[in-house]
Structure formats: C-alpha cells, structure tokens
Amino acid sequence: MTTTLLYGRPPLVFDPPGDATQTSPLIPGSTALESLADGAVETAMVYAPPGVLERRYTLAQTLRTLKVGGRLDVMAAKDKGGSRLKKELEAFGLEVGESAKAHHRRCVVVRPETLVGIDAAIAAGALQQVEGLEAWSQPGVFAWDRIDAGSAQLAAHMPPLKGIGADLGCGYGALATVVLRSPAVTALRLIDLDRRAVEAARKNVEDPRASFDWADVRLLEAAGDLDFIVCNPPFHDGGAEDRRLGQAFIKKGAEMLKKGGTLWLVANRHLPYEAELKAAFKRVTPITDGGGYKLFEAVK
C-alpha cells in the first residue's frame, strides 16, 4: 500500500518526504494519481500547480486517495495560486490551517468522512475532448484548449516532410497531425515531458507511423539518424521564463539529426536562439518573422 504521496518538487524549506511516491505528470516515471485507489494513502504533500482547473483537479484527486483522518500538506507560491489555496480547500468541505513561509502559502488539512465537490473538480480537470478544438487535451498541458499561434505558424509554412522524424515537446499532438499528412513521412516520434500531453496525443494521433515517449527531451539518447525534427520548444520552467530550455532543445535536435537533416523551429520573437542554431547547424534560414513569432529552417 502507498502510504505517502508527493506531487511535484516543493522547495526544501518545506521538508518534502524522501520516501514518498512521486505523482507529478511532469516527472517521467512517476505514478499517476488517477491510478491510485480511494482511501489508500496516509499522508500527502502537494506542490500545487498554478492553473486553477489543474490545481483543483490535483487537490481533488489527492483528497480522493487519502484515507479518512489522512493528512494533506499543500503549498503554492503566493502569486501562483497560493493566495487562493485556503478558499479552494474550504470549498471541498475541509477545515484548513494556513501559514505563510518563503513567499508561499501553506495549508494543512485532515481528510473528513465527507468531501464536497470532488467529482466536479475531477471532471473539469480530466483528459477531455475540447469543444471547438476537435481534440483530446487536459488542463495543465501547454495551450491545452487552443491551437498555439506558434505551432499554427510552423504548420502553415513547413513543406511536406519525408523520412523518419520527431516532434520535440509534442503537446497534445496538433503539429504531429499536420506532419503526418505527408505520405512520405515513414515514422514520427512524439516526445513530451508531460504525461498528460502524451496521453492526449495518443488519442489524437491515431496513425501507425506515430510512436510516443514520456521523456525529458534534454536527457534523450541521440543516435543521429533522423531526417527531420519539428519543434515549438517550451521556454517556461515551473512558471519562470528559462531560455536555456529552448537552447537545450536545439542542441539535442542537432544531435538527433543525420547530416543533411532538417530542424523546423518556431519561437517567440524575443528569445535569443540564433547563436545556438548557428553553432549547431551548417545552414540556418529565417522563414518568417511576424505575429510575435519567428520561424527557422536549420540544416545539419
């Protein structure tokens, strides 16, 4: 039986348990909260995500897994949902002890016999078919309920691709769907750090040429055998902008491609990726620059 749960990576000042079962979908190899039985857990610590639907879903799922009398310790940065934590927990029918520490709010609750509104919070934050998007997605996934403008720009300008390729940071599969319209593509590997994105992509991209990996792109083995890569790299890590993420994706993309292989990359205009592209690729061609995004074709 799982006795202690951990969700995410709380700052060390909160003494996260060392022997807990990790359940964050953003940590490859972790256990899915959804897979745990009702009332199976003694204690849980949650570093709450910033999005409202995603946070309420995570809290509801964690409370569901707690046994009656089990303890939930949850914290969030004040400006990333922390100031709303107490109210959200009270709405589930809980008595909440709240404290402030290290620019965070921390709430501790003991699970009562009866919870309120858990099922509704789980339904709102679950993997779902998004109306108007004609796709499966889930709150917490990047651009979960819309077509991201950068991906749309990339889809509009890249030519039909061919051979074996990868979509680094595939999200729910919007770009992969476009890539696979080309009959000359023989295989496409969809890779994302977010388990929810990979699960959504599996449902959205029903094509025998597609394979799916829940993995950190930065840690991938690179065989240098791919014909092409498409990429709309992330540039936020835990809510803070981190341009090193995109720079790492470019470097890894170059390692994964064969000589003459092509990277199609879209990025927000303000991000400085030109130096990395020029260092890693033989030829770099700017394709478009507008609407807040820039698009590059880079040949190894």
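## Cysteines

A disulfide is a pair of cysteine sulfur atoms within 2.5 Å. By this rule, the predicted model contains zero disulfides. The sulfur of Cys170 has its closest cysteine sulfur in Cys231, at 11 Å, which is too far for a bond.

Two cysteines are buried, a term that denotes under 20% relative accessible area with a 1.4 Å probe and protein chains only: Cys107 has a value of 0%, and Cys170 has a value of 6%.

## Basis of the model

The structure is a predicted model, in which local features need pLDDT of at least 70 and side-chain atom pairs count only at pLDDT 80 or more, while totals for chains, interfaces and linings use all residues. Residues are numbered from 1 along each chain as its sequence is written, and side-chain values use heavy atoms, without hydrogens and water.

Strands are DSSP runs of E with at least two residues, numbered from the N terminus, and two of them pair if DSSP finds at least two bridges between them. Strand S5 (residues 97–101) and strand S6 (residues 104–110) run antiparallel and are joined by five bridges. Ser99 has Arg106 of S6 as its bridge partner.

Two residues separate the strands of this hairpin, and Ala102 in the turn has a positive phi of about 50°.

## Charges and rings

A charge sits over a ring if NZ of Lys or CZ of Arg is within 6 Å of the ring centre and within 35 degrees of the ring normal. Lys203 lies over the face of Trp136, 4.4 Å from the ring centre. The charged end of Arg195 is placed over the ring of Trp214, at 5.9 Å from its centre.

How values were computed. Helix = DSSP H or I, 4+ residues; strand = E, 2+ residues; numbered from the N terminus. Buried < 20%, exposed > 50% of the residue type's maximum accessible area, 1.4 Å probe, protein only.
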